[in-house]
Amino acid sequence: MQRAALDAFTRSLTRRPVARSRLQPVSLPRVVSGGVRNLSATAPGSNYEYIQVSEPRPGVGQVTLNRPKALNALCTPLINELNRALAEFQSSPTVRAIVLTGSEKAFAAGADIKEMAPLTFSKAYTSSFIESWSTLTTSVKKPIIAAVSGHALGGGCELALMTDIIYCTASANFGQPEIKLGTIPGAGGSQRLTRAVGKAKAMELILTGRSFSGDEAERWGVAARSFPTYEALMEAALKTAETIAGYSKVAVMAAKEVVNKSQDLPLRDGVEYERRVFHSLFGSRDQKIGMKAFAEKKKAEWSDE
């Protein structure tokens, strides 16, 4: 997205000021233990142009969107890199939970208008444009936490909604402003936002293009928690990811699966599905390890089997 177009796009979407802190937009929080393993520099085949990849805590992988001049506007090359990085984390024997974030100023300010504007119906349809943006919802079985600061608009809001947990700053700026551009959400926004806030509020937000704050996102159930500063947001997201990474990989994957199924199934079918997965875990070693450790008041040493 060229600068003039980006500025016009941003002004049309929101007038909400975004708080700044001492950190630079692409800075990462200080790691208190274990150091940061920068995969962009160390892992084979992981040289990225639009994202940064690291393992900032034990068991935690982090993907940071990194198109600062475009406020992390989402384009196909960025999504391709994101999908590749998430696939690597999915297959990694050390990563057990993932944090997806952007900069303090922008998680992702939307889709790249420059890429979308010239598309025709036949080109968009035959190339399945934007379909790959949802790959993470089906291919990544490990929990993903979105740490949202600044703008999360259009495709950026949709990307956050695809993750398993959203943490945000109180001043974060969410929204589906596609109506202002003569179009509608195309990466699941009309479906996932409606499930999060209900039909009436989703209809209002999508038809008016009105943005909403991180405080509102927490109150409405879009975000799990909101935080006063960017530093507090990142610390909490990494801490939660590290906590999740400390549990049985088998149980964590099963828990994510059944919660996601609740969005697809009627209540009775969902409860029956949950029960079957619950029963299946009695065939895992970790269920025996966990219950034995609890009875003996010891810390469980998970086998991931």
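The exercises below, each with a worked solution, concern a predicted model of a single chain.

Residues are numbered from 1 along the chain as its sequence is written. Because the model is predicted, local features need pLDDT of at least 70 and side-chain atom pairs count only at pLDDT 80 or more, whereas totals for chains, interfaces and linings use all residues, and side-chain values use heavy atoms, with hydrogens and water left out.

**Exercise 1. The chain as a whole**

Solution. Finally, among contacts with a separation of 6 or more, 69% are made by residues 24 or more positions apart, a contact being heavy atoms within 4.5 Å.

**Exercise 2. Backbone angles and one loop**

Task: Find where Asn 72 lies, decide whether it is buried or exposed, and do likewise for Lys 297.

Solution. Asn 72 has a positive phi of about 60° although it is not a glycine; it lies in the loop between β3 (60-65) and α3 (76-91) and is buried, with a relative accessible area of 2%. Lys 297 also has a positive phi, near 55°, but it is found in the segment after α14 (285-295) and counts as exposed at 77% relative accessibility.

The loop between β3 and α3 also holds Cys 75, which is buried at a relative accessible area of 5%. Leaving aside residues up to four places away in sequence, Cys 75 touches Arg 67, Asp 112 and Glu 115. The C-alpha atoms of Cys 75 and Asp 112 are separated by 5.4 Å, although the two residues are 37 residues apart along the chain.

**Exercise 3. Salt bridges**

Task: Count the salt bridges, and work out which parts of the chain the pair Arg 57 and Glu 242 ties together.

Solution. With a salt bridge taken as a side-chain nitrogen of Lys or Arg within 4 Å of a carboxyl oxygen of Asp or Glu, the count comes to 10. One of them joins Arg 57 and Glu 242, at 3.3 Å from N to O. Arg 57 belongs to strand β2 (residues 51-57) and Glu 242 to helix α11 (residues 230-245), so this pair ties together parts that are 185 residues apart in sequence. Arg 57 is buried at 4% relative accessibility, while Glu 242 is partly exposed at 27%.

Glu 272 and Arg 268 form a salt bridge whose closest N and O atoms are 3.8 Å apart, and both lie in helix α13 (residues 267-280), four residues apart, about one turn of the helix. Here Glu 272 is partly exposed at 33% and Arg 268 is exposed at 66%. Salt bridges that share partners join Arg 57, Glu 235 and Glu 242 into one network.

**Exercise 4. A four-stranded sheet**

Task: Give the strand order of the open sheet, identify which strands stand at its edges, and say which helix packs on it.

Solution. The order is β5-β7-β9-β10, with mixed pairing, two strands being paired if DSSP finds at least two bridges between them. The edges are formed by β5 (106-108) and β10 (212-213), each with a single partner strand, so one side of each has no neighbour in the sheet. Strand β9 (residues 173-175) pairs with β10 in the antiparallel sense over two bridges, and Phe 174 stands opposite Phe 212 in β10. Helix α7 (residues 155-162) packs on the sheet and touches β5, β7 (151-153) and β9, its direction making about 90° with that of β7; axes are lines fitted to C-alpha atoms, for helices over the stretch in contact, and angles run from 0 to 180 degrees between N-to-C directions.

Key
Buried means under 20% relative accessible area, exposed over 50%, partly exposed in between (1.4 Å probe, protein chains only).
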